[in-house]
Number of protein chains: 2
Amino acid sequence: MALMNKQVVLVRRPNGIPKRTDFNIIETVVPSLKEGEVLLKTKYFSLDPYMRPRMNSTKGSYIECFKLGVPLDGAAVCVVEESRHQKLKVGDIVLSEAGWQTYAVSSDRVSEGMSLNLGSLTKLSDEVKISYYLGVLGMPGLTAHYGLLDIGRPQAGETVVVAAATGPVGSMVGQLAKLKGCRVVGIAGGTEKCDYAMREFGFDACVDYKRKSFAKDLKKACPNKIDIYFENVGGSVFKTVLRFLNNFARVPVCGLITYYNDGSTLQEPGFNLASGYAKLQALWRMFFHFDQTPMVMSSILGKRLKFQGFIISDHFDQYASFLKESIPLIQSGKIKVKEDIVKGIENSPDAFIRLLQGKNFGKLLVEI
Amino acid sequence: MALMNKQVVLVRRPNGIPKRTDFNIIETVVPSLKEGEVLLKTKYFSLDPYMRPRMNSTKGSYIECFKLGVPLDGAAVCVVEESRHQKLKVGDIVLSEAGWQTYAVSSDRVSEGMSLNLGSLTKLSDEVKISYYLGVLGMPGLTAHYGLLDIGRPQAGETVVVAAATGPVGSMVGQLAKLKGCRVVGIAGGTEKCDYAMREFGFDACVDYKRKSFAKDLKKACPNKIDIYFENVGGSVFKTVLRFLNNFARVPVCGLITYYNDGSTLQEPGFNLASGYAKLQALWRMFFHFDQTPMVMSSILGKRLKFQGFIISDHFDQYASFLKESIPLIQSGKIKVKEDIVKGIENSPDAFIRLLQGKNFGKLLVEI
């Protein structure tokens with residue numbers, strides 16, 4: 001019997017939060033290998049917020065859009081099941097871009113050492129749990145490391161604020177900032193996550209953005225105001241944080257999950273709003289929201305702020321040194337990890353929807 | 001007969017563009033000098049856009065607000081008329097903060113060398129026209145130098161865009177960028193200014209923001225898009241430029257003249273709109289303008305932009321080296337200067353109003 005590959009494909013482009021029916025799970029026959037190819041069996045694949053804008057058809061996203069009807073892309077940790085590839089043997093563990101499927105055939109080159117390159121396979125050592133290469137030791141971890149240290153440049157005694165504090169980026173930002181001697185204040189949804197961030201990740205405080213008292217709570221948690229705001233959410237959290245930034249604060253911008261589900265990033269002249277739903281949302285904003293740009297720009301000027309956007313694939317050259325520094329921190333327990341592992345590819349669409357609703361708790365992975 | 005000092009005072013805080021009646025010109029008796037004091041006679045004083053937010057009572061500005069009924073602050077080039085100050089003698093030329101008046105009594109310390117310090121007097125050499133110390137060799141020139149070179153970091157071949165191209169900051173940004181081997185595109189109001197920027201300051205192109213075809217003209221003037229946008233205006237010019245920024249573009253933010261006359265920077269929760277007029281403007285914006293923040297933030301992320309605000313008084317330590325570098329460039333004609341000199345203190349309120357309407361042409365000064 002032929003080996004079957006289960007794959008998650010997008011059947012239509014979502015409006016707002018995706019629905020289960022926007023996805024389909026199909027089965028295809030795994031082809032036999034040609035010379036130079038390798039058969040990968042997925043152990044874990046990653047679900048990340050940045051995948052949502054890739055589901056749009058418009059130019060609203062900063063990365064290539066997903067195609068309909070083919071398996072969704074993304075990082076995956078796989079084991080080599082069969083090999084006609086010169087540099088890989090059966091049993092090797094690799095980080096790949098196989099995405100949302102149970103098998104993948106690849107002829108990608110293998111990155112030397114522990115380096116990371118788009119369109120390459122990275123051989124992994126199993127000195128730590130291999131799923132970590134999708135989170136704290138993968139793109140999310142590197143994102144936290146680069147944004148905090150290279151852009152934010154934290155000094156001991158400064159206050160660092162990060163949202164999605166129990167997520168893979170937020171928890172890493174917080175723990176790295178603690179190691180630098182900063183006061184670290186998280187933002188998360190709900191008491192359970194906030195408590196966890198303080199208890200397990202060592203945040204000095206963690207504020208629940210769902211509470212009416214959020215602005216007051218944040219102010220109280222930051223008695224010396226905010227020197228670095230690691231921006232990964234946008235929206236009303238951003239606007240609240242902006243009020244409490246110190247002069248000369250730095251704002252590395254790595255994500256804007258709040259905007260991913262609506263059309264609000266698409267108002268550039270010449271763009272068409274994606275859908276009727278987005279139009280309604282836009283209309284709502286039109287009547288109830290001022291243009292806040294003058295206020296944002298005036299804050300940048302008056303407080304001498306630095307806002308800097310970055311996309312981690314521009315900085316993969318730092319991956320080997322990042323791993324060298326981070327693996328011992330994890331092994332020694334100085335950096336702790338929280339994973340939210342969903343079993344079975346069938347459950348991945350619902351898990352992704354939960355992620356966009358902020359209902360995941362830790363790095364969201366699908367285990368096959 | 002006692003020596004009389006003419007002074008311009010603010011009698012009420014302007015709504016929108018100031019009116020002549022918001023100002024008054026008063027005469028006071030110049031007091032006799034005490035030990036350590038010096039009597040300064042104003043030769044030129046400076047009118048600058050940043051003075052407008054200082055006229056508001058709210059926290060909308062990033063600097064201290066003007067008090068009502070006392071002479072307006074600002075940079076002035078003065079000659080020492082009488083001295084009981086240890087370090088100054090009659091005839092010395094100094095850069096001071098005497099502001100909008102014909103005489104000033106000062107006991108400020110004198111900065112050593114050609115350094116610049118708030119609350120100090122700087123002795124000037126007359127190897128160049130002394131009015132230049134209010135423009136190209138003063139705070140505007142230093143603003144251009146710091147913002148372009150330290151934040152913008154232009155590379156040969158890159159495209160630099162600056163608005164208010166014939167003003168003291170814009171013309172200096174453009175000429176410094178040309179010296180760095182950049183393509184320089186100005187933005188100005190009207191054909192006369194645009195032609196002047198190209199003919200006299202050597203801009204490769206200059207686009208009239210008042211034309212309906214502004215966006216198209218700007219696009220055409222920047223065939224390789226924009227690597228540095230030196231932000232000194234805000235508003236719709238900013239939003240148009242944003243569309244044409246390259247990945248990794250830098251945006252030094254030194255001013256936002258478009259917002260200075262309205263309440264749009266004051267929408268931070270807890271602020272009250274300054275006036276009925278501002279409320280009407282805000283209402284107008286509310287119905288006709290989306291909140292563009294998501295679009296701005298998404299551009300920062302997706303294009304990996306760097307926005308950085310700065311206030312030049314934080315960088316006065318660079319003044320001596322800036323002068324050392326810039327004076328020869330002016331003497332050799334590599335940097336050209338355009339001044340708009342108004343004679344007589346009585347004309348200063350109207351001149352200031354013209355400045356905010358963009359009707360000045362070059363660095364606006366009042367000559368006494």
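Strand 3 of chain A pairs with strand 16 (residues 363–367) of chain A in the antiparallel sense over three bridges; strands are DSSP runs of E of at least two residues, numbered from the N terminus, and two of them pair if DSSP finds at least two bridges between them. The model is predicted: local features need pLDDT of at least 70, side-chain atom pairs count only at pLDDT 80 or more, and totals for chains, interfaces and linings use all residues. Residues are numbered from 1 along each chain as its sequence is written, and chains are lettered from A and ligands numbered from 1 in the order in which they are written.

Select F45(A) next: V366(A) of strand 16 of chain A stands opposite, and A76(A) is its bridge partner in strand 4 of chain A. Strand 4 (residues 76–83) of chain A runs antiparallel to strand 3 of chain A, joined by seven bridges.

Move to L39(A), which faces V105(A) in strand 6 of chain A. Four bridges join strand 6 (residues 103–106) of chain A to strand 3 of chain A, again antiparallel.

Now colour strand 3 (residues 38–46) of chain A by burial: seven of its nine residues are buried (20 or more other C-beta atoms within 10 Å of the residue's own, C-beta atoms being placed from the backbone).

Finally, select helix 2 (residues 139–152) and helix 3 (residues 168–179) of chain B, which pack at an angle of about 45° with their axes 8 Å apart; helices are DSSP runs of H or I of at least four residues, and axes are lines fitted to C-alpha atoms over the stretch in contact, with angles from 0 to 180 degrees between N-to-C directions.

Technical notes
Buried ≥ 20, exposed ≤ 12 C-beta atoms within 10 Å, placed from the backbone.
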